[in-house]
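The following paragraphs are intended to be read alongside the sequence and the coordinates.

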Amino acid sequence: GDLCVCAKGWVGSACNSSCPGTVFLVSPATEVAEVCSGHGTCTSDKTGEARCTCSPNFYGPDCEVYCTPDACQSRLQLGFWMCSANGSCVCLDSDSLVGWQAGQPISGHYSGPTCEACADDWWGTHCSIFCGCNRHGRCAKDTGLCQCYQDETRGHFSGLTCEVCTEHYIEPQC
């Protein structure tokens with residue numbers, strides 16, 4: 001069989017799938033200036049659809065979103081953060097993905113409006129030690145002891161790991 005050699009900005013076995021983020025100089029019939037918003041490479045997936053593989057620090061289906069440690073830190077003044085899959089700044093919540101704080105790489109599980117509090121079930125200097133409050137309480141950042149929820153929204157829990165309902169409250173919501 002014949003093998004098509006696709007023009008820039010087109011992929012697929014019949015060269016009929018337009019790359020995301022393709023910018024044509026005048027029209028699709030003329031020269032292509034860039035694909036994937038100029039920040040990635042375009043290939044076709046198993047179904048023949050065009051997909052971008054973004055360059056580092058670029059996100060989104062068209063590689064149009066830019067996200068870096070400096071951008072999140074200076075723009076949002078976040079403590080411990082990472083770029084999400086769509087390129088937005090979010091609180092760091094991973095053991096394997098590396099986030100940034102004051103220009104230094106770190107890992108951990110953070111929450112709060114400035115990403116400086118430990119997320120539920122995590123404690124320690126970098127919120128990287130699991131404490132197991134069963135998602136029914138927060139860990140004391142310095143000791144790891146569970147501080148069980150006692151409110152109408154999240155429930156009323158007790159026990160060393162917030163594993164039981166507080167007296168006078170019943171499961172499943174306590």
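Two strands are said to pair if DSSP finds at least two bridges between them. Strands themselves are DSSP runs of E with at least two residues, numbered from the N terminus. The model is a predicted one, in which local features need pLDDT of at least 70 and side-chain atom pairs count only at pLDDT 80 or more, while totals for chains, interfaces and linings use all residues. Residues are numbered from 1 along each chain as its sequence is written, and side-chain values use heavy atoms, with hydrogens and water left out.

Confidence is expressed as pLDDT, the predictor's own score for each residue, from 0 to 100. Its mean over the protein is 83, and 87% of the residues reach 70 or more. The lowest confidence in the protein falls in strand β3 (residues 23-24), with a mean of 68, and the highest in β19, at 95. Where pLDDT is low, the predicted coordinates should not be read in detail.

Strand β19 (residues 155-158) is joined to strand β18 (residues 150-151) by 2 bridges, and the two run antiparallel. Within this pair, Gln150 stands opposite His156 in β19. The two strands form a hairpin, with 3 residues between them. β19 also pairs with strand β20 (residues 164-165), again in the antiparallel sense, over 2 bridges. Here Phe157 faces Cys165 in β20, and Ser158 stands opposite Val164 in β20. A hairpin is formed by β19 and β20 as well, with 5 residues between them, and Gly159 in its turn has a positive phi of about 100 degrees.

Which order do the 3 strands of the open sheet follow? The order is β18-β19-β20, with antiparallel pairing. Because β18 and β20 stand at the edges, each with a single partner strand, one side of each is left without a neighbour in the sheet. Strands of a sheet pair through backbone hydrogen bonds, either parallel or antiparallel.

Two residues in other strands may now be considered. Cys52 lies in strand β6 (residues 50-54). Its relative accessibility is 18%, so Cys52 counts as buried (under 20% relative accessible area; exposed is over 50%, partly exposed in between, with a 1.4 Å probe and protein chains only). Leaving aside residues up to four places away in sequence, Cys52 touches Pro20, Cys36, Thr41, Pro61, Asp62 and Cys63, where contact means heavy atoms within 4.5 Å. Val35 is 17 residues from Cys52 along the chain, and their C-alpha atoms are separated by 8.4 Å.

Met82 is placed in strand β9 (residues 81-83). Met82 is buried, at a relative accessible area of 13%. From Cys67, Met82 is 15 residues apart in sequence and 8.9 Å apart in space, C-alpha to C-alpha.

How values were computed
Helices (H or I, at least four residues) and strands (E, at least two) are DSSP runs, numbered from the N terminus.
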